[in-house]
Amino acid sequence: MSTFSNADHQFMAQALRLAARGLYTTDPNPHVGCVLVRDNEVVGEGWHERAGEPHAEVRALSMAGDRARGATAYVNLEPCAHQGRTPPCTRALVRAGVRRVVAALQDPNPLVAGRGIAELRAAGITTAVGLMATEASALNPGFLKRMRTRRPYVRCKLAMSLDGRTAMASGESRWITDVPARIDVQRLRARSSAVMIGIGTVLADDPQGNVRFELLGDEYPGGVVRQPLRVIVDPYLSIPESARVLSPPGRTLIVTNSDDVEMADILRKRGAEVLILPGYQERIDLGKLLDLLGEREINEVLVETGATLSGAMLQNNLIDELIIYIAPLILGNNARGLFHLPGLDQLSKGYQLAISDIRAVGHDWRVTARVEYPKAI
């Protein structure tokens, strides 16, 4: 088992900070940073900026030049050993004469999965894996889950009053939360590969479902804007032609059970993709939908919808993480609840959550929690 020094932790933390710079731009690739250190001095650093462009290791080696010889490379994900849109990073590290490579995580991609480390060791490079693995996993939950399960990581974002209500009985819900919380949601959308919206939310709120990058200011590096795929769950093709999710910028996928060919053609002419996905009793098979999104290299899905679809996702064990914004409001017992969960009639049937973060966002509070589903016996 490897023993890591304080300096190792310091430089890996720097690699993670670099990796986070690609949070909004690398999809479907992982966010990766690399720091090259020789004689306790940083001689090169880089991060993966966009899919198809040089990887973090290559950028760091380019900056270091001849000073890379004898250096230690700190990288948050195992260097790739296969030819993709760019050459293998392992070869570049070997050619540069790097002495040691420290990786936070082994890459679960079947094309890598330990091959990178094995190639480096075969070339005489000292390697170690596992430094700050928890922090590295938190940076790339979608890529890691898709490589392991072929499904994306699913976050469900909800906003509620202090008494657990999401809207008035009439459906009025704008705005429960204040401006800082709504800007925070833009960050969630910007890092997501897809935003999933139920038809009920489309009909009630007419959201656009895209990222307003101008609200993120300097957080977004600029250049080519990558909008998430908008996935509309619409069993009966009830979506109006005027719905804002059909307007640019962005791509829209409408998932339905309906055989209304005429409406499907109208939506396709509006630029949307219509996918007929049979389900059970006219309900869309949400697990199958996630399988298809995984096949499309969707890493992270942000579910932004009402109680019905959120409840269905929860009942089918499909939500990995809940992000709930709590506003200092009381809306009363006639207002609408957070989840529609029929049959939940005993305390023992309640869903257990593991809260990982609670923080103030302006006047509101944000709670982040993983859903702990019962394990199969």
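Mentor: We begin with burial: a residue is buried under 20% relative accessible area, exposed over 50%, and partly exposed in between, with a 1.4 Å probe and protein chains only. Helices (H or I, at least four residues) and strands (E, at least two) are DSSP runs numbered from the N terminus. By the burial criterion, the buried residues of helix H11 (residues 307–315) are Leu309, Ser310, Gly311, Met313 and Leu314. This is a predicted model, in which local features need pLDDT of at least 70 and side-chain atom pairs count only at pLDDT 80 or more, whereas totals for chains, interfaces and linings use all residues. Residues are numbered from 1 along each chain as its sequence is written, and side-chain values use heavy atoms, with hydrogens and water left out.

Trainee: What covers the buried residues of H11?
Mentor: The covering elements include E6, E8, strand E9 (229–233), helix H10 (286–295), E12 and E16, where contact means heavy atoms within 4.5 Å.

Trainee: What makes strand E12 (residues 300–304) largely enclosed?
Mentor: Five of its five residues are buried, so E12 is largely enclosed by the rest of the structure. Both of its faces are covered, with Glu300, Leu302 and Glu304 buried on one side and Val301 and Val303 buried on the other.

Trainee: How do you know which strands pair with E12?
Mentor: Two strands pair if DSSP finds at least two bridges between them. Strand E6 (residues 153–161) is joined to E12 by five bridges and runs parallel to it, with Cys156 opposite Val303. Strand E8 (residues 194–198), also parallel to E12, is joined to it by three bridges, and there Ala194 has Val301 as its bridge partner.

Trainee: Why are Cys34 and Cys80 called buried?
Mentor: Cys34 has a relative accessibility of 0% and Cys80 has one of 8%, so each falls under the cut-off for burial.

Trainee: Why is Glu119 called partly exposed?
Mentor: Its relative accessible area is 32%, so Glu119 falls in the intermediate class. Glu119 is found in helix H4 (residues 115–122) and, not counting residues up to four places away in sequence, touches Ala81 and Thr90.

Trainee: What makes the approach of Glu119 to Thr90 a polar contact?
Mentor: A polar contact is a pair of N or O atoms within 3.5 Å; within protein, one must be able to donate a hydrogen and the other to accept it, and residues adjacent in sequence count only if both atoms are side-chain atoms. The side chains of Glu119 and Thr90 make such a contact at 3.1 Å.

Trainee: What makes the phi of Met132 worth noting?
Mentor: Most residues other than glycine have a negative phi. Met132 is not a glycine, yet has a positive phi of about 60°, and lies in the loop between strand E5 (126–129) and H5. At 17% relative accessibility, Met132 counts as buried.
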